[in-house]
Amino acid sequence: MDRKDLQELKTIVGEEWVSTGDSVRELHSHDESFHPWVLPDVVVWPHSTEEVSRLVRWAYDHKVPVTPWGAGTSLEGNPIPVKGGMVIDLQEMDRILEIRQGDFQVDVEAGVVYKDLNKELRRYGLFFPPDPGAAATIGGMIGNNASGIRTVKYGPTREYVLRLVVVLPGGEVIRVGNRARKSSSGYDLLRLFTGAEGTLGIVTEATLRLVGLPENFMALRATFPTVSDATDTVFQVMSSGLVPSAMEFLDAEVVKVLNRDRELELEESPTLLMEFDGYSEEGLKAEMAFVEGICRENRSLLIDKGIGPDERNRLWEIRHLTFESIKRAHPGLEPLIMDVAVPLSRYSEMVAFVKEEVSDLTAYLFGHAGDGNIHVVVMDRPGDEARWRRVQEANRRVVLKALELEGTCTGEHGVGIGKREFAAREHGEALEVMKRIKETLDPHGLMNPGKIFP
Ligand SMILES: Cc1cc2nc3c(=O)[nH]c(=O)nc-3n(C[C@H](O)[C@H](O)[C@H](O)COP(=O)(O)OP(=O)(O)OC[C@H]3O[C@@H](n4cnc5c(N)ncnc54)[C@H](O)[C@@H]3O)c2cc1C
């Protein structure tokens, strides 16, 4: 990029919102994954849809690749600017525009961090349920169709998107969706842009559906003699008709690392964490008794339980610490995080396969069990070619098994760079249709190139 190019970008967003500095480019060259860093040529911070539109139009005219950037917390290389060019960082567009309490809706700019949004919504007795844990932006969550521990009851991001403002790869601005609670009108472009990983356009604003904050919580931690006792319990609870608001599995190795890192004294066995929310304590107590029965039928060793937000926080704290504790236990090693999902009836089979597959690796298995979603954090050295090849081979075999069980190569982290090789196997002929959509909207392949497609 020459001086004239940079001057043109500065005319659009202002002098201080364009940077070619090394540290800024470095910060925007990688996400939270192990995928190789690639420096963009320039980073820009727009403040309005109009500025985004002018930047994208400029890039289109100059054939410069564009990569949208939320907070860079992805785990599959999704926002890495693999072809260089311009990174458009949306973090300055972080206004909560309007909360419509009576409609259970909020209008936000794409750079709002969902945790900040939920802090604000709490005052209105509302919340936005998808919760990926990291400090993600709404734009990045829409990009990846993120989900989290409450998806088992409340669904992924996609189910909360009512209306979007999107800048297409040529710079045109479109408005998609409406504020009605339901609609049968036309093709569902909301679903097309949600989960597109920024390859079809840049979301600048969204109207999100919200949910009332539950009045009460019940939480339960149960340990089991074997992994299959725990995973069978998952299937039985989920198929009983009860709807937990969270249902997580932790392998014994995860509990061990938590004990060591946090000086806890938890039983080092396969563990399930569950949460139920609702309005009456009596209702929750009845559900708890029913769930306890299922746990005992599956030889549960210990059940620790409680009602109310404090008890919920006590029992759930360990889950929020998991990733950090694993990383801290292995200084100098890097994580590869596997992420597959299968139908619930195949969850036990999938987990057993994964355990066997990673048995010779430094691996920690956990996941959003109620969604049939499994994560394995494998700690190793990407620099050690032979070892890293073994780690990637394990990842590959786990994905192929998930596909064989009619699951998906990614439950929530997206395809990014890491899962592209599985796209054809997962989508078959439908991948061709996806390519045609991409070519129609982005004929020069400038919008977040090198992602999703093999
Ligand atoms: C410790 C940890 C735990 C995590 N746990 C979960 C989890 O439980 N569930 C889960 O789903 N994810 C999880 N993630 C992954 C990640 O946090 C989510 O995918 C998150 O939604 C990414 O948001 P972001 O703002 O960081 O987006 P980025 O990483 O910056 O971008 C994500 C993708 O969206 C695109 N994009 C960004 N902004 C826009 C926009 N405005 N318009 C269009 N496209 C855009 C980017 O180009 C990229 O392809 C975790 C990550 C970490 C580090």
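## The seven-stranded sheet

Let's start with an open sheet of seven strands, which run in the order β15-β12-β14-β13-β17-β18-β16 with antiparallel pairing. At its edges sit β15 (302–307) and β16 (334–341), and each of these pairs on one side only. Neighbouring strands of this sheet are turned against each other by 15° on average, direction ignored. As you look around, please keep in mind that this is a predicted model.

## The five-stranded sheet

Another open sheet holds five strands in the order β5-β6-β10-β8-β9, and its pairing is antiparallel. The edge strands here are β5 (96–100) and β9 (173–177), each with pairing on one side only. Between neighbouring strands of this sheet the average turn is 10°, direction ignored.

## The shell around the ligand

Now to the ligand, which is surrounded by 34 residues; Pro-68, Thr-73, Ser-74, Pro-132 and Ser-147 are the closest. Sorted by class, the shell has 15 nonpolar, 16 polar and three charged residues. Domain 1 (3–89) and domain 2 (96–212) each give the shell at least three residues.

Which elements each supply at least two residues of this shell? They are β3 (66–69), α5 (138–144) and β10 (202–209). The largest share, five residues, comes from α5. Strand β10 also has a place in the five-stranded sheet, where it is listed between β6 and β8.

## Polar contacts and cover

Three pairs of polar atoms are worth a look in the viewer. A polar backbone atom of Pro-132 is 2.7 Å from a nitrogen atom of the ligand, and Pro-132 is also one of the closest residues of the shell. Thr-137 brings a polar side-chain atom to 2.7 Å from an oxygen atom of the ligand. Glu-412, in turn, has a polar side-chain atom 3.1 Å from a nitrogen atom of the ligand.

How much of the ligand's accessible area does the protein cover? On its own the ligand has 980 Å² of accessible area, and the protein covers 93% of that.

Definitions and conventions:
Residues are numbered from 1 along each chain as its sequence is written. This is a predicted model: local features need pLDDT of at least 70, side-chain atom pairs count only at pLDDT 80 or more; totals for chains, interfaces and linings use all residues. Side-chain values use heavy atoms; hydrogens and water are left out. A residue is near a molecule or strand if one of its heavy atoms lies within 4 Å of it. A polar contact is a pair of N or O atoms within 3.5 Å; within protein, one must be able to donate a hydrogen and the other to accept it, and residues adjacent in sequence count only if both atoms are side-chain atoms. Accessible areas come from the Shrake-Rupley method with a 1.4 Å probe; for residues, only the protein chains shown count as cover. Helices (H or I, at least four residues) and strands (E, at least two) are DSSP runs, numbered from the N terminus. Ala, Val, Leu, Ile, Met, Phe, Trp, Tyr, Cys and Pro count as nonpolar, Asp, Glu, Lys and Arg as charged, and the others, Gly among them, as polar. Domain bounds come from an automatic or database domain assignment. Two strands pair if DSSP finds at least two bridges between them. Axes are lines fitted to C-alpha atoms, for helices over the stretch in contact, and angles run from 0 to 180 degrees between N-to-C directions.
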